[in-house]
Amino acid sequence: MAHRYKVREIAQQSGLSEATVDRVLHDRPGVRANTRAEVQQAISDLDKQRSQLRLNGRKFLFDVVMQTPARFSAEFRAALEAELPMLAPAAVRCRFHFRETESVAAMVDTLGKFTARGSHGVIVKAPDDPDVVAAIDRLVDLGIPVVTYVTDVPASKRLDYVGIDNRAAGATAAYLVDSWLGDSDASVLIILTSNIFRNEGEREIGFRSTLRSLGGEQGDPNRRRVVEITDSEGLDETVEKLVGAALSAHPDIEAVYSIGGGNTGAVRAFERAGRRCRVFVAHDLDSDNRPLLRSGALSAVLHHDLRADARRACRLLMQAGGGLDGMVDERSQIHVVTRFNTPA
């Protein structure tokens, strides 16, 4: 077994004798499986302690840039600030740059400011645009690592993407909608923020392809179809108007998959039209969706642990700065939340 520590250190950490540790490290016979496990655990613990020592006294300043509705940015900020003390013994501070709507040029300008402001890393939710790719690449070339969050910019030199598998999320939504509608031929309304975010496109592709495989949309001409509205910016007033127009044009809409938010506005549009929404699947347990879920207006919310995301994003940036190691590529878990299992 490869090891980085003296036999004496491993023996002290594990509480075993040096002779026993030596037998395990050299894979000699006559050692029980649980003893080998104790030695492996001791080495893992020593690795963690070494990382802690490496972080002692380190200071990190991260910038968080997000173009997203305020309800989501507020939730993520709260999650990140709750996690910062858990990153001790390093001292981590964050600067926040949130916009509900922003042009690509303004996003590029925001990203360009960090080169002169001492940033140790950037967490960004931004459109997958060539100018954004170039802005991220400039930061990375200057030694400032970048992590994309919720929606990826894969052609850039970003360090990693943190978030869910968006196609899998869309597929999950399609399965729920199709199952709950049963034999009904009702149409489904998809609500998008805009066409500029990669995650929304991936969710839509996952939804449409899975619904088709289940016999919906164009897989069976007698089954339900999909009606799409976009450019809502996730704002309730805009969504209410767009959904109202869609309901007037399509009397068979009885289900909603909300990719971009503005769900309070969508619920109001159904109520104003005197129409029933049999199935409504949305994303994220934010301040708007929690009461809608508890009231039954939402059937299910596809959620991921924002604190786990915040912790992972920070640790990836800390690893890039030489503060720790051991981070591997992985996606956030998708949780299906109903009014019966909504966390406090």
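Between which two helices is the loop where Asp27 is found? The views below come from a predicted model, and the first of them gives the answer.

**View 1. Asp27 in its loop.** Asp27 is found between α2 (18-25) and α3 (33-55). Its phi is near 55°. That is a positive value in a residue other than glycine. Asp27 counts as exposed because its relative accessibility is 55%, and the cut-off for exposed is over 50%.

View 2. Asp284 sits in the loop between β9 (279-283) and α11 (289-295). Phi is about 80° here, again in a residue that is not a glycine. Asp284 has 13% relative accessibility and therefore counts as buried. The cut-off for buried is under 20%.

View 3. Helix α1 spans residues 7-14. Its buried residues are Ile10, Ala11 and Ser14. Seen down the axis of α1, they fall within an arc of 100°, so they line one face of the helix. An α-helix has 3.6 residues a turn, so residues three or four places apart point the same way. Arg8 and Gln12 are exposed on the other side of α1. Gly15 follows the helix, with a positive phi near 80°.

View 4. Helix α5 covers residues 104-112. Met107, Val108, Thr110 and Leu111 are buried in this helix. Their arc around the axis is only 160°, which puts them on the same side of α5. What do the buried residues of α5 pack against? Three strands are contacted: β1 (59-67), β2 (91-99) and β3 (121-125). Helix α6 (130-141) is contacted as well.

**View 5. Cysteines without a disulfide.** A disulfide is a covalent bond between the sulfur atoms of two cysteines. Across the whole structure, the search finds zero disulfides. The cysteine sulfur closest to that of Cys314 belongs to Cys94. The distance is 4.9 Å, too far for a bond; the cut-off is 2.5 Å. Cys314 counts as buried, at 1% relative accessibility. Cys277 has 23% relative accessibility and counts as partly exposed.

**View 6. The six-stranded open sheet.** The strand order is β7-β6-β8-β9-β10-β11, and the pairing is mixed. β7 (226-229) and β11 (335-337) stand at the edges. Each has a single partner strand, so one side of each is left without a neighbour in the sheet. From one strand to the next, the twist averages 20°.

View 7. Do β6 and β8 run parallel or antiparallel? Strand β6 (residues 187-191) and strand β8 (residues 253-258) run parallel, joined by five bridges. Ile190 has Tyr257 of β8 as its bridge partner. Helix α8 (residues 198-213) lies across β6, β7, β8 and β9. The angle between α8 and β7 is about 170°.

Terms used: Residues numbered from 1 in each chain as written. Predicted model: local features only at pLDDT ≥ 70, side-chain atom pairs only at ≥ 80, totals over all residues. Heavy atoms only, no water. Buried < 20%, exposed > 50% of the residue type's maximum accessible area, 1.4 Å probe, protein only. Helix = DSSP H or I, 4+ residues; strand = E, 2+ residues; numbered from the N terminus. Arc of directions from axis to C-beta. Contact = heavy atoms within 4.5 Å. Pairing = 2+ DSSP bridges. Axes fitted to C-alpha atoms, helices over the stretch in contact; angles between N-to-C directions.
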